[in-house]
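Please keep the sequence and the 3D view at hand while reading.

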Amino acid sequence: MNVEVTPLPGIGTRQDFMIRAGRRIGVITYRDGKFELIVSSKDDPDNCSASIPLTPVEAGTLAGLLGAPQLVAHLEDQHRDVAGISTKQFPIVPGSTFDGRTLGETELRTRTGASIVAVVRSGAVHPSPRPDFLFAGGDLVVVVGTVDGLAKTADILDG
């Protein structure tokens with residue numbers, strides 16, 4: 001898909017694309033970190049028929065609903081032929097134990113044998129996050145490991 005990126009001086013950026021139904025779907029990313037989901041007409045991208053303001057947490061949740069299942073399905077497909085390995089996603093709930101803490105602080109790999117292979121935040125995928133990666137509420141953590149390792153991961157991230 002062709003995504004058009006339009007700088008909005010003093011505001012942020014607009015990213016949108018044409019859908020099969022003949023409308024444009026887009027996101028305005030504001031400089032203050034907020035987002036706006038927009039729907040506009042095919043012929044006039046400035047003619048918005050719908051506008052939904054989203055907080056960063058809401059945008060992250062929507063991104064997780066839309067993007068994370070595709071990422072997880074891709075990873076599951078790659079691990080399908082590897083016996084005993086599974087992929088699962090876990091949300092970082094705002095205000096939970098690891099909201100605002102680093103991946104290293106989870107000691108996840110040491111405690112479970114499972115590996116965090118990506119974090120989805122506000123529609124962006126952060127592959128292979130380093131130990132100093134700071135979790136935020138609304139993040140979706142993608143983990144690969146054994147069934148037992150994933151169960152232990154759930155216990156740790158659910159806190």
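Aspartate 148 is partly exposed, with a relative accessible area of 46%; partly exposed describes values between buried (under 20% relative accessible area) and exposed (over 50%), found with a 1.4 Å probe on protein chains only. The model is a predicted one, in which local features need pLDDT of at least 70 and side-chain atom pairs count only at pLDDT 80 or more, while totals for chains, interfaces and linings use all residues. Residues are numbered from 1 along each chain as its sequence is written, and side-chain values use heavy atoms, with hydrogens and water left out.

**Salt bridges**

- Side chains of opposite charge can pair when their charged atoms come close.
- A search of the whole structure finds seven salt bridges, each defined as a side-chain nitrogen of Lys or Arg within 4 Å of a carboxyl oxygen of Asp or Glu.
- One of them joins aspartate 148 to lysine 152, with 3.2 Å between the closest N and O atoms.
- These two residues stand four residues apart in helix α4, which means that about one helical turn separates them; helices (H or I, at least four residues) and strands (E, at least two) are DSSP runs, numbered from the N terminus.
- Lysine 152 is also partly exposed, at 37% relative accessible area.
- A second salt bridge brings together the side chains of arginine 24 and glutamate 4, at 2.9 Å from N to O.
- Arginine 24 belongs to strand β3 (residues 23-30) and glutamate 4 to strand β1 (residues 4-8), so this pair ties together parts that are 20 residues apart in sequence.
- Arginine 24 is buried, at 5% relative accessible area, whereas glutamate 4 is partly exposed at 37%.
- Arginine 14 and aspartate 16 form a further salt bridge, their closest N and O atoms being 3.1 Å apart.
- Arginine 14 is buried at 8% relative accessibility, and aspartate 16 is buried at 3%.
- A network of salt bridges links Glu4, Arg14, Asp16 and Arg24.

**The four-stranded sheet**

- Strands of a sheet pair through backbone hydrogen bonds, either parallel or antiparallel.
- Here, four strands form an open sheet in the order β6-β9-β7-β8, with antiparallel pairing; two strands count as paired if DSSP finds at least two bridges between them.
- The edge strands, each pairing on one side only, are β6 (86-91) and β8 (124-127).
- On average, neighbouring strands of this sheet are turned by 20° against each other, direction ignored; axes are lines fitted to C-alpha atoms, for helices over the stretch in contact, and angles run from 0 to 180 degrees between N-to-C directions.
- Five bridges join β7 and β9 in the antiparallel sense, and four bridges join β7 and β8 in that sense.
- Valine 119 stands opposite valine 141 in β9, and its bridge partner in β8 is histidine 126.
- Arginine 121 has alanine 124 as its bridge partner in β8.
- β7 and β8 form a hairpin with two residues between them, and serine 122 in the turn has a positive phi of about 50°.
- Helix α4 lies across β6 and β9, and it runs at about 5° to β6.

**The nonpolar core**

- In soluble globular proteins, nonpolar side chains tend to be buried together.
- The largest nonpolar core has 16 residues, and those with the most contacts inside it are Ile116, Phe135, Val141 and Val143; such a core is a set of buried Ala, Val, Leu, Ile, Met, Phe, Trp, Tyr and Cys residues joined through side-chain atoms within 4.5 Å.
- At least two residues of this core come from each of β7 (115-121), β9 (140-145) and α4 (147-158).
- With four residues, α4 gives the most to this core.
- Not counting residues up to four places away in sequence, phenylalanine 135 touches several residues, including Ile92, Phe98, Leu103, Ile116, Val119 and Val141; contact means heavy atoms within 4.5 Å.

**Alanine 50 in strand β5**

- Strand β5 (residues 48-54) contains alanine 50.
- Alanine 50 counts as partly exposed, at 29% relative accessibility.
- Leaving aside residues up to four places away in sequence, alanine 50 touches Leu37, Ile38 and Val39.
- Leucine 37 is 13 residues from alanine 50 along the chain, and 8.1 Å separates their C-alpha atoms.
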